[in-house]
Amino acid sequence: MPKTLFDKVWDQHVVAQVEGGLEILYIDRHFIHEVTSPQAFSGIRNRGIDIHRTDKIVATADHNVPTKNQHLPIKDALSKLQVDALQQNCEDFGIELYGLGHPYQGIVHVIGPELGITKPGMTIVCGDSHTSTHGAFGAIAFGIGTSQVEQVMATQCLLVERPKTMRITIDGELGDGIYAKDIILYIISKLGTGGGTGHFVEYAGTAIWGLSMEARMTICNMSIEMGARGGMIAPDETTFKYVKGREFAPQGKNLETAITQWKTLYSDNEAVFDTEYNFRAEDIEPMITYGTNPGAGIKITGTVPNPEDVENPEGLKKSLEYMGLEAGQMLKGKQIDHVFIGSCTNSRIEDLRIVANYVKGKKKADHVNAMIVPGSRQVQEQAQKEGIDKILAEAGFELRQSGCSACLGMNEDKIPKSEYCVSTSNRNFEGRQGPGARTMLVSPLTAAAIAIEGKVVDPREFELDKMAV
Amino acid sequence: MEKFRVLKTPAVPLPEEDVDTDQIIPARFLKSTSREGFGENLFRDWRYDSEGNPIKDFVLNNDKYAGKVLVAGRNFGCGSSREHAAWALYDYGFRAVVSSFFADIFKGNALNNGLLPLQVSDEFLKKMLADIKEKPSTLVKIDLKDQRISLEDGSSEEFKINSFKKMCLLKGYDDIDFLLSQKDKIKEFEQQHVEF
Ligand code: SF4
């Protein structure tokens, strides 16, 4: 029977079927971080059991960590408590930890791929919804709750219902200045925040296959923002080339065997998906959000919709009030206070290159506070090697140390109340970047252009040569 | 996990749609290493202003409403996977959330903590919200065994729930207990499973 990519990977991991249509799914890799793991460790202790496979768990500290002076003790007492608890738990149970100060430290979804831990055909989970990022390699990767973190610790398995499958195909060619972030914001604006619920999405089509690995990660990362459990892209030469040579990737003969196996991971021609959508790359323009959920995206030249024209007028009214925007208003020209470039969506080296290429020789607007937080220590070091750190400093951008930072404002990096922040992260929920903060999601290029001009602009109106990454 | 019994209780209306877990419990309150005490900060930024004073029009601050059931608009629990959202609702005293649509991860998290995510039709949800608005003390009855939710005027609707999850809730049994009982099968699987 013809199978989808998802079915192939899933079927290889089913330990058993259980009543009620649930399945016991085996998990190949489990990432943990300081915020969603402590209660799971307590659970394991309370039950008096051992962790089943410590060799399949990798830990890092990212959500809570400061992005300045990481060599000093963490000032916030509660953050310190969580980071210390993670360290203690990892020591007690013998789990590999890439904590603060470790050369591999970084946002969990950035370090997995860059270290070659994330590979095609795997099942990967983490107590974090953006685990979907790893699906870019043709892995089944999804976020879980803390009770499930405990389940995986206890048994290396999850008791789950098999999701439905969806394919989103984007054929055609992207225009200049349009990036992966614009593609995914466009898709979510079409499907809505609940459009993918219950589904696992495969992204396909010439516009997707032409993307780099890092761009593919940006797409899969935000699958959760349309409610999908995860997103995946069939592995191809781009994938194999990316994995090859990384720290924990298979080598030599093993790599050859692995690639032969990975080449079988694609959706068969006749495979049937529960839901299908098709879009044209030519229809996609630079995107920006105006509201308080990631589905509230418009093209950057567009206008804020009118509550009278939408399904949920009350919700839109409330979000516009929160954002201090009016129906029918153009966002172009709107003055911006902060620009945040970072998060597991857009903090990899390619993102930093895009920004550096654009801001080279320019200066940020005086009133803008521009912050760049690399996704990992390795990204930061690479940026220094390439001289990106100097370019950014000359343009007035502050390059910080790695972590989640203003993506969720758990550390000191919060956006003050009522101020506008153009952000390359993935969520514009009320208060996400700090109580009362007003977030607009964009691509790294758009963020860079806005930082320079000090207001919302269409990056395509400016010089876009040398943009090839 | 506590056993889920028949609930007969007034309900708290929250007609908002797309309520995300960042609203249910903002990230800055996730800095605990235990499961308790999150109820205090449930819906923190809707419930209190920046000085910590209760915001009068928010439903949890309205004396008219109380009860163990939260009745919410479509797509409840979207966004972050934080289980703290389910803990906060439970810790506050809710035992069920009724909506016409739930985000996947939230639904799973709720079930794993004895909080019933109960999906009803859009029409039934509308009626429930209207009934509660008209008479805040109106009682909602949830019978998990029969999978039925009923209102005071006798109107009711059947709801769906996975049979295994239902058994777990009724018995106060959790997934880990079950998976631990399957360890032999899991070890057998590990013998033949190759990771490339
Ligand atoms: S960067 Fe943001 S979205 Fe990504 S893992 Fe960290 S907090 Fe979550």
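Tutor: Let's start with strand β1 (residues 14–17) of chain A and strand β2 of chain A, which pair in the antiparallel sense over 3 bridges. This is a predicted model, where local features need pLDDT of at least 70, side-chain atom pairs count only at pLDDT 80 or more, and totals for chains, interfaces and linings use all residues. Residues are numbered from 1 along each chain as its sequence is written, chains are lettered from A and ligands numbered from 1 in the order in which they are written, and side-chain values use heavy atoms, leaving out hydrogens and water.

Student: What makes β1(A) and β2(A) a pair?

Tutor: Two strands pair if DSSP finds at least two bridges between them. β1(A) and β2(A) have 3 bridges, so they pass. Across from A:V14 stands A:L25 in β2(A). The hairpin of these strands has 4 residues between them, and A:G20 there takes a positive phi near 80°.

Student: And what makes something a strand in the first place?

Tutor: Strands (E, at least two residues) and helices (H or I, at least four) are DSSP runs, numbered from the N terminus. β2(A) covers residues 22–26.

Student: Which other strand does β2(A) run antiparallel to?

Tutor: That is strand β8 (residues 157–161) of chain A, joined to β2(A) by 5 bridges. A:I24 stands opposite A:L159 in β8(A).

Student: Why is β2(A) called mostly covered?

Tutor: Buried means under 20% relative accessible area, exposed over 50%, and partly exposed in between (1.4 Å probe, protein chains only). In β2(A), 5 of its 5 residues are buried. In a regular strand the side chains alternate between the two faces of the sheet. Here A:L22, A:I24 and A:Y26 are buried on one side, and A:E23 and A:L25 are buried on the other.

Student: What covers the buried residues of α6(B)?

Tutor: The cover includes β2 and β8 of chain A, along with α4, β4 (116–119) and α7 (175–180) of chain B; contact means heavy atoms within 4.5 Å. Helix α6 spans residues 163–171 of chain B, and its buried residues are B:F164, B:K165, B:K166, B:C168 and B:L169.

Student: Which residue caps the N-terminal end of α6(B), and how do you know?

Tutor: B:N162 is the cap, with a side-chain oxygen 2.8 Å from the backbone nitrogen of B:F164. A polar contact is a pair of N or O atoms within 3.5 Å; within protein, one must be able to donate a hydrogen and the other to accept it, and residues adjacent in sequence count only if both atoms are side-chain atoms. At 2.8 Å, the B:N162 oxygen and the B:F164 nitrogen are inside that limit. Just after α6(B), B:G172 takes a positive phi of about 65°.

Student: How many aromatic pairs are there over all chains?

Tutor: There are 19. Rings of Phe, Tyr and Trp (its six-membered ring) pair if their centres lie within 6.5 Å; planes under 30 degrees apart count as stacked, over 60 as edge-to-face and the rest as tilted.

Student: What makes the pair of B:F43 and B:W46 stacked or edge-to-face?

Tutor: Their centres are 5.8 Å apart and their planes are at 5°, so B:F43 and B:W46 are stacked. Both of these residues are buried.

Student: How do you classify B:F76 and B:F106?

Tutor: With centres 5.2 Å apart and planes at 80°, that pair is edge-to-face. B:F76 lies in the loop between β2 (69–72) and α3 (84–92) of chain B, while B:F106 is in helix α4 (residues 104–111) of chain B, so the pair ties together parts that are 30 residues apart in sequence.

Student: Why do B:F76 and B:F106 count as buried?

Tutor: B:F76 has a relative accessible area of 0%, and B:F106 comes to 2%. Both values fall under 20%, so both residues are buried.

Student: How do you know that A:R246 lies over the face of A:Y242?

Tutor: A charge sits over a ring if NZ of Lys or CZ of Arg is within 6 Å of the ring centre and within 35 degrees of the ring normal. A:R246 is 3.8 Å from the ring centre of A:Y242 and lies over its face. Likewise, A:K362 lies over the face of A:Y358, at 4.0 Å from the ring centre.
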